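Please read them with the coordinates open.

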Amino acid sequence: MKLLVMRHGEAGWHTIDQQRELTEAGRTTTGQVVHQIAESPWRPREIWCSSLTRARQTAAIASEILNCRVTEKPFLTPDDDPGRCLDALLEESPATRLLIISHMPLVGALSTLLVDAHRQGIPFMTSQAIALEMPVVGPGCADLKAQFLP
């Protein structure tokens, strides 16, 4: 499996966290990173994203550039257990090429779970993406192959 894990673009403030929208800078840096992904050997065929506004907006930009279908997943919100995402990944074909767009701390915890088999989490900048290659899906089975920075 070839998996990209991306944090949503920079978002503005809102009294309701779920409704925070991307800033203009967030839209720009997301587009820059997704264009890098599009020109790389890591181009995904599908996108999973969180249901929160800023992740959905990031996924819409990615979908337009990559010409991929977007599916919202209920287990990709900021404080979800990365094990739930791992369970969903286990159901996918090993040939899957997927982009997951979510939030901190989930993107950091999921990445370290897949690479190092723990959930301590690494920091992600907004719009940052990493590329993981997994011959089999499981904790500690992924190799970090590339990163895409704004």
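Which side chain meets Asp-81 in a salt bridge? Point 1 takes this up.

1. **Asp-81 and its partner.** The partner is Arg-119, and the N to O distance is 2.4 Å. Bear in mind that this is a predicted model. The pair links distant parts of the chain, 38 residues apart. Asp-81 sits in the loop between E3 and H3. Arg-119 sits in the loop between helix H4 (106-116) and E5. Asp-81 counts as partly exposed because its relative accessibility is 35%. Arg-119, at 45% relative accessibility, counts as partly exposed too.

2. **Salt bridges over the whole structure.** How many salt bridges does a search of the whole structure find? The search returns six. Side chains of opposite charge can pair when their charged atoms come close. One of the six is the Asp-81 and Arg-119 pair of point 1.

3. **Arg-54 and Asp-17.** These two form a salt bridge, with the closest N and O atoms 3.3 Å apart. Again the pair links distant parts of the chain: the separation is 37 residues. Arg-54 belongs to helix H2 (residues 53-66), while Asp-17 lies in the loop between E1 and helix H1 (24-38). Is Arg-54 buried or exposed? Its relative accessibility is 3%, so Arg-54 counts as buried. Asp-17 comes out at 34% and therefore counts as partly exposed. A network of salt bridges links Asp-17, Arg-20 and Arg-54.

4. **Asp-80 and Arg-84.** Here the closest N and O atoms of the salt bridge are 3.8 Å apart. Check this one against the cut-off, which is 4 Å. Asp-80 has a relative accessible area of 17%, so it is buried. The limit for buried is under 20%. Arg-84, with 40%, is partly exposed.

5. **The sheet.** Six strands make an open sheet in the order E3-E2-E4-E1-E5-E6. The pairing is mixed. Strand E3 (69-72) and strand E6 (143-148) are the edge strands, each pairing on one side only. From one strand to the next, the twist averages 25°.

6. **Strand E1 and its two partners.** Strands of a sheet pair through backbone hydrogen bonds, either parallel or antiparallel. E1 shows both senses. With E4, E1 runs parallel, and six bridges join the two. Met-6 has Ile-101 as its bridge partner in E4. With strand E5 (residues 129-133), strand E1 (residues 2-7) pairs in the antiparallel sense, over five bridges. Leu-3 has Leu-132 as its bridge partner in E5. For Lys-2, the bridge partner in E5 is Glu-133. Lys-2 also lies over the face of Trp-42, at 4.9 Å from the ring centre.

7. **Helix H3 on the sheet.** Which strands does helix H3 (residues 82-90) lie across? They are E1, strand E2 (46-49) and strand E4 (97-102). H3 runs at about 160° to E4.

8. **The aromatic pair.** A search of the whole structure finds one such pair. Trp-48 and Phe-75 form it, in an edge-to-face arrangement. The centres are 6.0 Å apart and the planes make an angle of 80°. Planes over 60 degrees apart count as edge-to-face. Trp-48 is in strand E2, and Phe-75 is in the loop between E3 and H3, 27 residues away.

9. Leaving aside neighbours within four places in sequence, Ser-111 is in contact with Val-5, Ile-122, Phe-124 and Ile-130. Val-5 falls within E1 (residues 2-7), and Ile-130 within E5 (residues 129-133).

Terms used:
Residues are numbered from 1 along each chain as its sequence is written. This is a predicted model: local features need pLDDT of at least 70, side-chain atom pairs count only at pLDDT 80 or more; totals for chains, interfaces and linings use all residues. Side-chain values use heavy atoms; hydrogens and water are left out. Two strands pair if DSSP finds at least two bridges between them. Helices (H or I, at least four residues) and strands (E, at least two) are DSSP runs, numbered from the N terminus. Axes are lines fitted to C-alpha atoms, for helices over the stretch in contact, and angles run from 0 to 180 degrees between N-to-C directions. Contact means heavy atoms within 4.5 Å. Rings of Phe, Tyr and Trp (its six-membered ring) pair if their centres lie within 6.5 Å; planes under 30 degrees apart count as stacked, over 60 as edge-to-face and the rest as tilted. A charge sits over a ring if NZ of Lys or CZ of Arg is within 6 Å of the ring centre and within 35 degrees of the ring normal. Buried means under 20% relative accessible area, exposed over 50%, partly exposed in between (1.4 Å probe, protein chains only).
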